[in-house]
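Subject: Structure handover

Hello,

Here is the structure you are taking over. My notes on what was found in it follow below.

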Amino acid sequence: MTFPMKFWTFVVNALCVPLHLIQAVGLYEIYKRVFPFCVYRISITYNEKMRDKKRELFRSVSEFGRDGKPVTILEIGCGSGTNFEFYPPGSKVTCTDPNPHFKKYLNKCMDQNDHLTYENFVVSSGEDMSSVEDDSVDVVVCTLVLCTVHDITQTLREVHRILRPGGAFFFLEHVVADPSTWSFFFQHVLQPAWYYFGDGCEVTRETWKYLEAAGFSELKLRHVETPLIFMIKPHIVGYAVK
(Lines give C-alpha, C1' and ligand atoms only; values in the text may rest on other atoms or scores of the structure.)
Protein backbone atom coordinates (compact mmCIF):
# COMPACT_ATOMS: atom_id res chain seq x y z
CA MET A 1 0.00 0.00 0.00
CA THR A 2 1.08 3.56 -0.64
CA PHE A 3 1.21 5.95 2.30
CA PRO A 4 -1.93 7.94 1.23
CA MET A 5 -3.90 4.71 0.93
CA LYS A 6 -2.72 3.52 4.34
CA PHE A 7 -3.52 6.91 5.87
CA TRP A 8 -7.06 7.16 4.50
CA THR A 9 -7.75 3.52 5.33
CA PHE A 10 -6.77 4.33 8.91
CA VAL A 11 -9.11 7.34 8.90
CA VAL A 12 -12.07 5.30 7.63
CA ASN A 13 -11.24 2.54 10.12
CA ALA A 14 -11.28 5.11 12.94
CA LEU A 15 -14.67 6.38 11.78
CA CYS A 16 -15.92 2.81 11.94
CA VAL A 17 -15.09 2.40 15.64
CA PRO A 18 -18.81 2.64 16.59
CA LEU A 19 -19.52 -0.20 14.14
CA HIS A 20 -16.68 -2.26 15.63
CA LEU A 21 -18.22 -1.77 19.07
CA ILE A 22 -21.72 -2.62 17.84
CA GLN A 23 -20.37 -5.90 16.46
CA ALA A 24 -18.38 -6.60 19.64
CA VAL A 25 -21.47 -6.39 21.87
CA GLY A 26 -23.61 -8.47 19.50
CA LEU A 27 -25.94 -5.76 18.21
CA TYR A 28 -24.81 -6.31 14.62
CA GLU A 29 -27.09 -9.37 14.61
CA ILE A 30 -29.99 -6.93 14.22
CA TYR A 31 -28.61 -5.88 10.82
CA LYS A 32 -28.45 -9.53 9.76
CA ARG A 33 -32.25 -9.54 9.98
CA VAL A 34 -32.45 -6.48 7.72
CA PHE A 35 -29.67 -7.54 5.33
CA PRO A 36 -31.82 -10.05 3.36
CA PHE A 37 -34.25 -7.27 2.43
CA CYS A 38 -31.33 -5.10 1.25
CA VAL A 39 -29.93 -7.96 -0.83
CA TYR A 40 -33.36 -8.70 -2.28
CA ARG A 41 -33.75 -5.11 -3.50
CA ILE A 42 -30.16 -4.74 -4.73
CA SER A 43 -30.19 -8.11 -6.51
CA ILE A 44 -32.99 -6.96 -8.80
CA THR A 45 -30.73 -4.23 -10.20
CA TYR A 46 -27.72 -6.55 -10.21
CA ASN A 47 -29.56 -9.14 -12.29
CA GLU A 48 -30.72 -6.50 -14.77
CA LYS A 49 -27.14 -5.35 -15.36
CA MET A 50 -25.58 -8.83 -15.27
CA ARG A 51 -28.28 -10.79 -17.07
CA ASP A 52 -26.24 -11.47 -20.21
CA LYS A 53 -23.20 -12.63 -18.26
CA LYS A 54 -25.32 -14.91 -16.08
CA ARG A 55 -27.06 -16.42 -19.09
CA GLU A 56 -23.70 -17.09 -20.73
CA LEU A 57 -22.29 -18.62 -17.54
CA PHE A 58 -25.20 -20.92 -16.70
CA ARG A 59 -25.76 -22.01 -20.28
CA SER A 60 -23.32 -24.87 -19.65
CA VAL A 61 -24.97 -26.20 -16.49
CA SER A 62 -27.12 -28.74 -18.36
CA GLU A 63 -23.97 -30.37 -19.78
CA PHE A 64 -23.16 -31.80 -16.37
CA GLY A 65 -26.30 -33.88 -15.91
CA ARG A 66 -25.99 -37.66 -15.86
CA ASP A 67 -27.75 -40.28 -17.98
CA GLY A 68 -30.54 -37.95 -19.03
CA LYS A 69 -31.53 -37.24 -15.42
CA PRO A 70 -32.23 -33.71 -14.12
CA VAL A 71 -29.15 -31.78 -13.06
CA THR A 72 -28.65 -31.68 -9.29
CA ILE A 73 -27.48 -28.24 -8.16
CA LEU A 74 -26.31 -27.05 -4.77
CA GLU A 75 -26.04 -23.28 -4.39
CA ILE A 76 -23.78 -21.90 -1.66
CA GLY A 77 -25.04 -18.63 -0.22
CA CYS A 78 -28.24 -18.72 -2.23
CA GLY A 79 -29.51 -15.48 -0.67
CA SER A 80 -32.88 -14.57 -2.17
CA GLY A 81 -32.52 -17.00 -5.10
CA THR A 82 -31.56 -14.59 -7.86
CA ASN A 83 -29.83 -17.31 -9.91
CA PHE A 84 -32.85 -19.62 -10.13
CA GLU A 85 -34.22 -18.15 -13.35
CA PHE A 86 -31.01 -19.13 -15.16
CA TYR A 87 -31.01 -22.83 -14.19
CA PRO A 88 -32.14 -25.49 -16.70
CA PRO A 89 -35.80 -26.59 -16.40
CA GLY A 90 -36.24 -29.65 -14.21
CA SER A 91 -33.06 -29.10 -12.21
CA LYS A 92 -33.13 -30.26 -8.58
CA VAL A 93 -31.84 -27.45 -6.36
CA THR A 94 -30.53 -27.53 -2.80
CA CYS A 95 -30.01 -24.13 -1.20
CA THR A 96 -27.58 -23.24 1.56
CA ASP A 97 -27.07 -19.94 3.37
CA PRO A 98 -25.72 -19.06 6.82
CA ASN A 99 -28.47 -16.44 7.29
CA PRO A 100 -31.86 -18.08 8.00
CA HIS A 101 -33.66 -14.75 7.50
CA PHE A 102 -33.34 -15.15 3.70
CA LYS A 103 -36.02 -17.88 3.77
CA LYS A 104 -38.91 -15.43 3.27
CA TYR A 105 -37.42 -13.97 0.08
CA LEU A 106 -36.19 -17.36 -1.06
CA ASN A 107 -39.72 -18.76 -0.92
CA LYS A 108 -40.96 -15.87 -3.06
CA CYS A 109 -38.30 -16.58 -5.69
CA MET A 110 -39.10 -20.31 -5.62
CA ASP A 111 -42.74 -19.53 -6.41
CA GLN A 112 -41.65 -17.37 -9.35
CA ASN A 113 -39.38 -20.11 -10.74
CA ASP A 114 -41.54 -23.22 -10.77
CA HIS A 115 -39.50 -24.76 -13.59
CA LEU A 116 -37.19 -26.11 -10.85
CA THR A 117 -37.56 -28.71 -8.11
CA TYR A 118 -36.40 -27.51 -4.70
CA GLU A 119 -34.94 -30.21 -2.52
CA ASN A 120 -33.96 -28.44 0.69
CA PHE A 121 -32.83 -25.23 2.39
CA VAL A 122 -29.86 -25.81 4.68
CA VAL A 123 -28.63 -23.15 7.10
CA SER A 124 -24.86 -23.58 6.88
CA SER A 125 -21.68 -21.73 6.03
CA GLY A 126 -19.66 -22.50 2.94
CA GLU A 127 -16.87 -23.85 5.11
CA ASP A 128 -19.04 -26.52 6.74
CA MET A 129 -21.71 -28.28 4.71
CA SER A 130 -21.44 -31.56 6.60
CA SER A 131 -25.15 -32.29 6.11
CA VAL A 132 -24.50 -32.72 2.38
CA GLU A 133 -23.16 -36.11 1.32
CA ASP A 134 -19.86 -36.66 -0.49
CA ASP A 135 -19.93 -36.85 -4.32
CA SER A 136 -23.67 -36.10 -4.30
CA VAL A 137 -24.31 -33.22 -6.72
CA ASP A 138 -23.60 -32.49 -10.38
CA VAL A 139 -23.09 -28.74 -10.00
CA VAL A 140 -22.19 -26.34 -7.20
CA VAL A 141 -22.95 -22.65 -7.73
CA CYS A 142 -21.40 -19.74 -5.89
CA THR A 143 -22.07 -16.10 -6.86
CA LEU A 144 -20.95 -13.13 -4.76
CA VAL A 145 -20.16 -15.45 -1.85
CA LEU A 146 -16.41 -16.08 -1.80
CA CYS A 147 -16.04 -12.41 -0.83
CA THR A 148 -17.72 -13.11 2.52
CA VAL A 149 -16.67 -16.60 3.61
CA HIS A 150 -14.12 -16.70 6.41
CA ASP A 151 -11.96 -19.33 4.71
CA ILE A 152 -11.98 -19.59 0.90
CA THR A 153 -9.64 -22.59 0.86
CA GLN A 154 -11.89 -24.60 3.20
CA THR A 155 -14.98 -23.60 1.21
CA LEU A 156 -13.38 -24.92 -1.97
CA ARG A 157 -12.47 -28.15 -0.14
CA GLU A 158 -16.15 -28.56 0.68
CA VAL A 159 -17.03 -27.93 -2.97
CA HIS A 160 -14.63 -30.71 -3.98
CA ARG A 161 -16.11 -33.05 -1.39
CA ILE A 162 -19.76 -32.70 -2.39
CA LEU A 163 -19.21 -32.59 -6.18
CA ARG A 164 -19.39 -35.90 -7.97
CA PRO A 165 -16.39 -36.81 -10.14
CA GLY A 166 -16.75 -34.83 -13.36
CA GLY A 167 -19.10 -32.33 -11.72
CA ALA A 168 -18.58 -28.58 -12.03
CA PHE A 169 -18.29 -25.54 -9.79
CA PHE A 170 -19.77 -22.38 -11.33
CA PHE A 171 -18.70 -19.01 -9.94
CA LEU A 172 -19.27 -15.29 -10.45
CA GLU A 173 -17.38 -13.13 -7.95
CA HIS A 174 -16.22 -9.56 -7.62
CA VAL A 175 -12.48 -9.22 -6.92
CA VAL A 176 -9.83 -6.64 -6.17
CA ALA A 177 -9.09 -4.17 -8.99
CA ASP A 178 -5.82 -3.68 -10.83
CA PRO A 179 -3.31 -1.94 -8.51
CA SER A 180 -2.78 0.84 -11.06
CA THR A 181 -6.42 2.00 -10.85
CA TRP A 182 -8.30 4.38 -8.57
CA SER A 183 -10.76 1.55 -7.94
CA PHE A 184 -7.96 -0.37 -6.19
CA PHE A 185 -7.24 2.70 -4.03
CA PHE A 186 -10.85 3.22 -2.98
CA GLN A 187 -11.51 -0.49 -2.48
CA HIS A 188 -8.82 -0.53 0.21
CA VAL A 189 -9.74 2.82 1.74
CA LEU A 190 -13.46 2.06 2.02
CA GLN A 191 -13.12 -1.63 2.92
CA PRO A 192 -13.56 -1.11 6.72
CA ALA A 193 -17.00 0.46 6.18
CA TRP A 194 -17.95 -1.82 3.28
CA TYR A 195 -17.36 -4.85 5.52
CA TYR A 196 -20.33 -3.88 7.68
CA PHE A 197 -22.58 -2.73 4.85
CA GLY A 198 -21.99 -6.02 3.03
CA ASP A 199 -22.31 -8.31 6.07
CA GLY A 200 -18.65 -9.31 6.00
CA CYS A 201 -17.99 -8.63 2.31
CA GLU A 202 -14.35 -8.00 1.38
CA VAL A 203 -13.71 -6.27 -1.93
CA THR A 204 -9.92 -6.64 -1.80
CA ARG A 205 -9.67 -10.40 -2.31
CA GLU A 206 -7.65 -12.05 -5.09
CA THR A 207 -10.14 -14.89 -5.32
CA TRP A 208 -8.83 -16.26 -8.62
CA LYS A 209 -5.58 -17.33 -6.89
CA TYR A 210 -7.52 -19.63 -4.56
CA LEU A 211 -9.37 -21.19 -7.51
CA GLU A 212 -6.12 -21.75 -9.39
CA ALA A 213 -4.66 -23.53 -6.35
CA ALA A 214 -7.76 -25.60 -5.53
CA GLY A 215 -6.78 -28.67 -7.57
CA PHE A 216 -9.61 -28.78 -10.11
CA SER A 217 -8.91 -30.88 -13.19
CA GLU A 218 -10.03 -28.04 -15.44
CA LEU A 219 -10.52 -24.33 -14.76
CA LYS A 220 -12.17 -21.88 -17.15
CA LEU A 221 -11.84 -18.41 -15.63
CA ARG A 222 -12.14 -14.94 -17.12
CA HIS A 223 -11.58 -11.48 -15.67
CA VAL A 224 -14.34 -9.10 -16.75
CA GLU A 225 -15.29 -5.49 -16.11
CA THR A 226 -18.97 -5.14 -15.22
CA PRO A 227 -21.42 -2.20 -15.52
CA LEU A 228 -21.51 -1.83 -11.72
CA ILE A 229 -20.15 0.69 -9.21
CA PHE A 230 -16.36 0.95 -8.97
CA MET A 231 -16.16 -1.00 -5.68
CA ILE A 232 -17.39 -4.21 -7.31
CA LYS A 233 -16.72 -3.51 -10.98
CA PRO A 234 -13.96 -6.12 -11.51
CA HIS A 235 -15.32 -9.70 -11.56
CA ILE A 236 -14.15 -13.19 -12.31
CA VAL A 237 -16.52 -15.60 -14.01
CA GLY A 238 -16.32 -19.22 -15.12
CA TYR A 239 -16.44 -22.81 -13.94
CA ALA A 240 -14.10 -25.52 -12.69
CA VAL A 241 -14.44 -29.27 -13.21
CA LYS A 242 -13.64 -31.79 -10.47
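Does C147 count as buried or exposed? At 3% relative accessibility, C147 counts as buried; buried means under 20% relative accessible area, exposed over 50%, and partly exposed in between, with a 1.4 Å probe and protein chains only.

Some ground rules before the rest. This is a predicted model, in which local features need pLDDT of at least 70 and side-chain atom pairs count only at pLDDT 80 or more, while totals for chains, interfaces and linings use all residues. Residues are numbered from 1 along each chain as its sequence is written, and side-chain values use heavy atoms, with hydrogens and water left out.

Cysteines

The structure holds zero disulfides, a disulfide being a pair of cysteine sulfur atoms within 2.5 Å. For C147, the nearest cysteine sulfur is that of C201, 3.8 Å away, and C147 is in no disulfide. For C142, the closest cysteine sulfur is in C147, and the 8.4 Å between them is too far for a bond. C142 is buried, with a relative accessible area of 0%.

Nonpolar cores

A nonpolar core here is a set of buried Ala, Val, Leu, Ile, Met, Phe, Trp, Tyr and Cys residues joined through side-chain atoms within 4.5 Å. The largest one has 35 residues, and those with the most contacts inside it are F58, I73, F84, Y87, C95, V139 and F170. At least two residues of this core come from each of α3 (29-58), β2 (92-97), α4 (103-112), β4 (137-143), β5 (163-174) and β7 (234-241). The labels follow DSSP runs numbered from the N terminus: helices are H or I of at least four residues, strands are E of at least two. With four residues, α3 gives the most to this core. A second, separate core has 32 residues, including L74, F184, F185 and F216.

Which residues does V139 contact, leaving aside its neighbours within four places in sequence? They are V61, F64, V71, T72, I73, L74, L163, A168 and F170, where contact means heavy atoms within 4.5 Å.

T94 lies in strand β2 and is buried, with a relative accessible area of 17%. Not counting residues up to four places away in sequence, T94 touches I73, L74, E75, E119, N120 and V122.

Helices α1 and α2

Two packed helices are described by the angle between their axes and the distance between the axes. The axes of α1 (residues 3-15) and α2 (residues 17-24) come within 4 Å and cross at roughly 50°. Axes are lines fitted to C-alpha atoms, for helices over the stretch in contact, and angles run from 0 to 180 degrees between N-to-C directions. The two helices are therefore oblique to each other; under 35 degrees counts as roughly parallel, over 145 as roughly antiparallel, 65 to 115 as roughly perpendicular and the rest as oblique.

On the α1 side, N13, A14 and L15 meet V17, P18 and H20 of α2. The residues of this contact divide into four nonpolar, two polar and no charged. In that count, Ala, Val, Leu, Ile, Met, Phe, Trp, Tyr, Cys and Pro are nonpolar, Asp, Glu, Lys and Arg are charged, and the others, Gly among them, are polar.

A14 is partly exposed, at 39% relative accessibility. The C-alpha atoms of A14 and P192 are separated by 9.1 Å, although the two are 178 residues apart along the chain.

Loops and positive phi

Most residues other than glycine have a negative phi, and most peptide bonds are trans. D199 is not a glycine, yet has a positive phi of about 55°. D199 is found in the loop between α6 (182-197) and α7 (207-212) and counts as buried, at 17% relative accessibility. Not counting residues up to four places away in sequence, D199 touches Y28, Y31, K32, F35, N99 and T148.

D135 also has a positive phi, near 50°. D135 lies in the loop between β3 (117-123) and β4 and is partly exposed, with a relative accessible area of 41%.

T181, in the loop between β5 and α6, is partly exposed at 32%.

Regards
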